[in-house]
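Hello,

Here is the structure you asked for. Please open it first, then read my notes below.

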Amino acid sequence: MLDFCRRNLRKGTKAEKQAALVTHSALPPLKRLSRDQHPISRKQISPNALKVLYRLKDAGFEAYLVGGCIRDLMLGLEPKDFDVATNAKPEEVRQVFRNCRLIGRRFRLAHVLFGREVIEVATFRGHHSQPDENEEGQHQLSKASEEGLILRDNVYGTIEEDAERRDFTINALYYSINHFEVLDFANGIEAIAERKIELIGDPETRYREDPVRILRAIRFATKLNMQIAPATAAPIPQLASLLKSIPPARLFEEFLKLFMAGKAFDNFMLMKQYGIIKQLLPSLHKAIAQEPEGKVFQLVSQALQDTDQRVADDKPVTPAFLFAAFLWYPVEIRSQTLQLESGLPPVDALNIAMAEILSDLQQRIALPKRFSLVTRDIWSLQSRLARSRGKRALTLLQLPKFRAGYDFLLLRAKAEGGDLQQHADWWQRFQQENESGQQQMLQQAGPASGESKPRRRRNYKRKRSSQPKP
């Protein structure tokens, strides 16, 4: 009898909560844009994305293009990828498509594979503020931390609930193949016209649900040349510390989106403005705070701008180089401290400093080993480039990471000048010379600046005793 009462009470509680959610929806009235009211044509949509939409429709499911692809098409941009939202569960999507794999733990997704192109299919998300158990006593597939961070989110719902769960108004746009219309659930068309980045719902609550939305707000603002709405921007400085709760591997993925897509400098400046650099790279923040327009800021700024230019020129870029720029001066400061406090040789102090700084970084941003090793090589080459002359210079020139180390030396020379600029100029001339010219430079070159001439090694032979052995 007691169990029967509990089950019925749960039913009533669930119904009341869901009714309250509908009544207090954060969404304005739905707007439908017919084919003649929007610029989107099926010719602009990936043929593979259309295949997914039509096959889900033929299987009896609802399916829409959603989010960034619709936003970009409305802005006249070419979408990078196409995402689909549907009422089909991930397992049902896999039954429709053989070329499908399911991924994700926090929220289950289906990836439909067409060669190198991946169409991401997500089931409509529902409200996660539901009872911990359903009528049968089974636990819901939703979980949040005490701070409001959503840890597990496999709760499914309707298209209206899905729209309310999306982060920004410009991303709550759905394209239907049934009538070729665009569904605007959150005044996203208006936000696009006003070039405004605005969260759906209460900004503080949405940031607590997923602090990565802070980084997404910044990235969308610079990528789309928009402004973050005042109400959306206001809580960021206070809540930026929540980013510490995000897994380091996920933050590295966000780092790539922020700094490897052509808007690195603009994103860095906004992150600095809102206090995000202090949370993710505290040693860099401390170094810049000591001299806001000094050599640290100059080095980082030049590295970011050069990266943006390389992206614009369609040249390869690597996060290893940017992390070398972000953390070089913290490494240098730590190395000097170790030499003074422990009397360590410069090479040993540098190696210990590099290991400590990179270890601290891994606690916040999981830089993969294939990049951290390159970062260490770039740092290690700095002292060798400043000292090496003679045959050692020719040896350095043959190293695989020489070019990266040399490019980093050029950046440091721009930021510091002085002797460092002389070293950079020497290496530039040395690379431009032919073999005979290089030999001539090596003969003319004296010891590196600040170094004393190498001592001649002496071999001290033990004197033989004149006394005969007993």
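Predicted model: local features only at pLDDT ≥ 70, side-chain atom pairs only at ≥ 80, totals over all residues.

**What I found: the sheet**

Strand S2 (residues 63–66) and strand S3 (residues 83–86) run antiparallel and are joined by four bridges.

In general, strands of a sheet pair through backbone hydrogen bonds, either parallel or antiparallel.

Now zoom out. S2 and S3 belong to an open sheet of eight strands, with mixed pairing. The order is S1-S10-S9-S2-S3-S6-S5-S4. Which strands stand at the edges? They are strand S1 (31–33) and strand S4 (100–103). Each has a single partner strand, so one side of each is left without a neighbour in the sheet. From one strand to the next, the twist averages 30°.

A helix packs on this sheet: H2 (residues 47–58). H2 touches S2, S3, strand S5 (109–114) and strand S6 (117–123). The direction of H2 makes about 35° with that of S6.

**Two helices**

Two packed helices are described by the angle between their axes and the distance between the axes. Look at helix H11 (residues 248–259) and helix H16 (residues 319–342). They pack at about 90°, with axes 11 Å apart. Angles of 65 to 115 degrees count as roughly perpendicular, so H11 is roughly perpendicular to H16.

Which residues meet there? H11 brings Phe252, Phe255, Leu256 and Phe259. H16 brings Pro319, Leu322, Phe323 and Phe326. The contact of H11 with H16 has eight nonpolar residues, no polar and no charged.

Best wishes

Conventions:
Residues numbered from 1 in each chain as written. Heavy atoms only, no water. Axes fitted to C-alpha atoms, helices over the stretch in contact; angles between N-to-C directions. Helix = DSSP H or I, 4+ residues; strand = E, 2+ residues; numbered from the N terminus. Parallel < 35°, antiparallel > 145°, perpendicular 65-115°, else oblique. Contact = heavy atoms within 4.5 Å. Nonpolar A, V, L, I, M, F, W, Y, C, P; charged D, E, K, R; others polar. Pairing = 2+ DSSP bridges.
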